[in-house]
Amino acid sequence: MAINEKNIRVVLAIDFGTSRSGYAYAFVNDPRIIGRTEWEGQPIAYNKTLTHLLYSRDEGKNIVDAWGWPAKKRLFDIQRSFDDPQGYYFFENFKMKLHQGQDKNSNAPDITTNDGQTFAVLDLISDYVKLLKELALEEIKNSTAGYLKDSEILWCLTIPAIWTNAEKQFMRKAAQKAGLVGEGSAEAERLLLVLEPEAAAIYCQDKEKSQLEPETRFMVVDCGGGTVDITVHEVLQDRKLKEVVIGKGGKYGSTYIDKDFEKYLRKKLNADVIDRYESDYPQEYLEMMANWERIKCDFNPQNNDNIINFSIPRKLDRLLQEHYPHLLEHLAKEQQGEDANIYLDKKTMMDIFSPTLNGLIETVDEQFHTLNSRGCDIIFLVGGFSSSPILRQQIQQKFGSRVKKIVFSPSPGAAIVEGAVLYGLNPSIIPLRRSRLTYGCETSLPFDSTLDPETKKFWSSYRKGYYCKQRFDIFVKAGEPVEVNKGIEYDGYSPQQEDQKEIKFPFYSTEKQQVRYTDDPGVDKIGELIVEIPKTEINSKHNIKVIMYFGDTEIKVEAINPESGRKYNIKFLFDYL
């Protein structure tokens with residue numbers, strides 16, 4: 001449905017990131033994009049605030065005490081005021097807990113604090129998104145004279161391209177809980193999940209119209225805090241974009257460099273002392289990691305500085321002196337008598353950066369290998385991590401000869417959120433995508449004695465014949481082009497029993513293009529499609545036509561009676577929710 005058919009007045013995008021988040025919006029009749037660059041407690045102007053939450057516990061309930069930049073400062077103030085503060089819980093980087101917690105046999109992940117309190121990741125995400133929503137709506141309300149109804153807002157929520165279908169459904173559920181949209185299909189249409197690298201691609205095309213002529217191919221490398229997402233698009237004659245190959249991605253964001261630095265500290269000093277320091281002095285530990293963040297962002301191996309001094313915080317130094325004096329002695333011996341700082345030379349810094357950088361570079365290289373000899377013309381580097389000097393140097397060194405130009409965005413953090421607004425204003429700008437996986441249902445099909453094993457053979461008294469169970473009925477294959485709003489129809493499904501009230505289709509996916517059975521290696525059950533049969537059609541023999549839409553960022557499905565045209569009620573439940 002076109003945006004002007006929905007009575008939408010404002011497109012409002014939320015870029016919910018691992019380390020930082022923000023929003024931007026535009027009025028449909030005046031599509032200038034307005035973003036927020038001033039946030040409470042922010043030291044410098046930037047279009048995102050920190051994805052931090054601080055909760056306090058009051059009468060058995062967890063309440064958001066502070067968020068964004070103020071959250072960490074508020075935590076420090078509390079812990080300075082109380083010798084042993086209780087009932088406060090600080091969270092960061094919780095977006096990736098959704099992906100890291102993925103398990104085929106588990107529900108959505110929870111986070112358990114040191115004192116045994118459990119926080120659902122769904123609640124953390126919905127609470128944070130709700131705060132961004134309220135701030136954005138307050139800004140719009142104060143800057144306009146008119147009244148804006150909920151039904152006049154189209155929400156765009158960004159997600160990584162590597163998100164599974166279950167994780168996409170999870171994010172939609174979190175957005176609904178945050179109050180972006182309500183129940184029902186009409187409300188669901190007011191929320192678009194926007195793939196982050198696609199949003200960046202749309203942004204790059206909008207900013208570089210003079211260079212991106214038809215048939216230009218460009219790669220977007222979106223380097224965020226949690227993930228790297230890579231897509232390749234080609235500019236069409238009508239200035240729309242088509243996806244050339246399946247996008248790639250991985251967990252190679254800047255926060256994983258932080259994790260490797262923490263591993264280095266535990267090895268350099270002692271894992272027990274670092275754990276104790278983090279547990280006993282969490283506010284000073286956060287300050288120490290903030291100091292590392294500044295060092296990380298500025299690290300440039302081409303600078304003349306051979307040694308970076310990383311200060312040992314006062315209370316960590318006290319712990320070392322009281323309980324691990326031999327570690328300080330060893331440190332001083334290594335560093336010509338210096339024990340107040342840790343010397344980080346270029347080799348050490350490269351060792352810390354290398355696992356994440358190597359994974360990122362390899363992922364980009366893999367994307368190049370999926371392209372044919374035509375390759376691509378331009379690389380756009382976006383996302384907060386793309387500002388890193390060492391990352392830029394390695395991208396230029398490795399891929400500079402393969403393309404005509406590498407563009408380092410002067411405002412890399414704005415690309416995704418502004419691109420999401422542009423997508424919301426014109427969702428048809430990407431008419432064709434590539435299916436990431438091979439998708440299909442488990443069904444029973446006529447038994448073929450030349451192909452099917454006897455162990456899968458059974459007699460259907462209702463259909464009066466031998467059938468093969470656990471057949472993988474393919475809807476779309478990995479890598480196939482899929483048009484937006486164009487459904488793939490299958491009309492051979494029917495009840496197997498006379499009194500059946502619903503038909504359940506276990507839904508599967510695989511990276512393979514050819515597959516026959518759902519229990520083949522590499523095939524995963526990802527959910528269940530349930531078609532409810534009306535009372536008037538129970539005990540009647542009829543086929544059911546299932547129509548699947550794979551071209552959007554989310555899988556959509558319809559089921560109809562091809563004889564009467566009646567649509568069935570359906571549920572599509574992905575595992576892990």
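In which hand does α7 pass α9? The legends below start from the whole predicted model and then return to that helix pair.

**Figure 1. Overview of the predicted protein model.** The protein holds 14 helices and 30 strands. Its C-alpha trace spans about 85 × 55 × 55 Å along the principal axes. Of the 577 residues, 52% count as buried.

**Figure 2. Helix α7 against helix α9.** Two packed helices are described by the angle between their axes and the distance between the axes. Here α7 covers residues 255-268 and α9 covers residues 282-298. Their axes come within 11 Å and cross at roughly 115°. The crossing of α7 past α9 is right-handed. On the α7 side, the contact is made by Ile257, Asp258, Phe261, Glu262, Leu265 and Arg266. They meet Tyr285, Met288, Met289, Trp292, Glu293 and Lys296 of α9. Sorted by class, this contact has 7 nonpolar and 5 charged residues, and no polar ones.

**Figure 3. Trp292 and the largest nonpolar core.** In soluble globular proteins, nonpolar side chains tend to be buried together. The largest such core in this model has 53 residues. Met219, Val221, Trp292 and Leu360 have the most contacts inside it. Helix α12 (residues 346-370) gives the largest share of this core, 8 residues. Apart from it lies another core, of 45 residues, with Tyr25, Trp39, Tyr55 and Phe94 among them. What does Trp292 touch, leaving out residues up to four places away in sequence? Its partners are Ile257, Asp258, Phe261, Phe310, Leu344, Met349, Ile352 and Phe353. Trp292 is also one of the α9 residues that meet α7.

**Figure 4. The buried residues of helix α10.** Helix α10 runs over residues 314-323. Lys315, Leu316, Asp317, Leu319 and Leu320 are buried there. Which elements cover them? The cover includes α8 (271-280), α9 and α11 (325-334).

**Figure 5. His233 in strand β13.** Strand β13 covers residues 228-235. Is His233 buried or exposed? His233 has a relative accessible area of 0%, so it counts as buried. Around it, not counting residues up to four places away in sequence, the contacts are Glu198, Ala201, Thr216, Arg217, Phe218, Leu241, Lys242, Glu243, Val244 and Ile430.

**Figure 6. Gln336, a loop residue with a positive phi.** Most residues other than glycine have a negative phi. Gln336 is not a glycine, yet its phi is positive, about 50°. Gln336 sits in the loop between α11 and β17 (341-345). Its relative accessible area is 70%, and therefore Gln336 is classed as exposed.

**Figure 7. Asn485, a loop residue with a positive phi.** Where does Asn485 lie? Asn485 is placed in the loop that joins β24 (481-483) and β25 (488-493). Asn485 is not a glycine either, and its phi is positive at about 65°. Asn485 is exposed because its relative accessible area is 58%, over the 50% cut-off.

Technical notes. Residues numbered from 1 in each chain as written. Predicted model: local features only at pLDDT ≥ 70, side-chain atom pairs only at ≥ 80, totals over all residues. Heavy atoms only, no water. Axes fitted to C-alpha atoms, helices over the stretch in contact; angles between N-to-C directions. Helix = DSSP H or I, 4+ residues; strand = E, 2+ residues; numbered from the N terminus. Left-handed = near helix turned anticlockwise from the far one by under 90°. Contact = heavy atoms within 4.5 Å. Nonpolar A, V, L, I, M, F, W, Y, C, P; charged D, E, K, R; others polar. Core = buried A, V, L, I, M, F, W, Y, C linked by side-chain atoms within 4.5 Å. Buried < 20%, exposed > 50% of the residue type's maximum accessible area, 1.4 Å probe, protein only.
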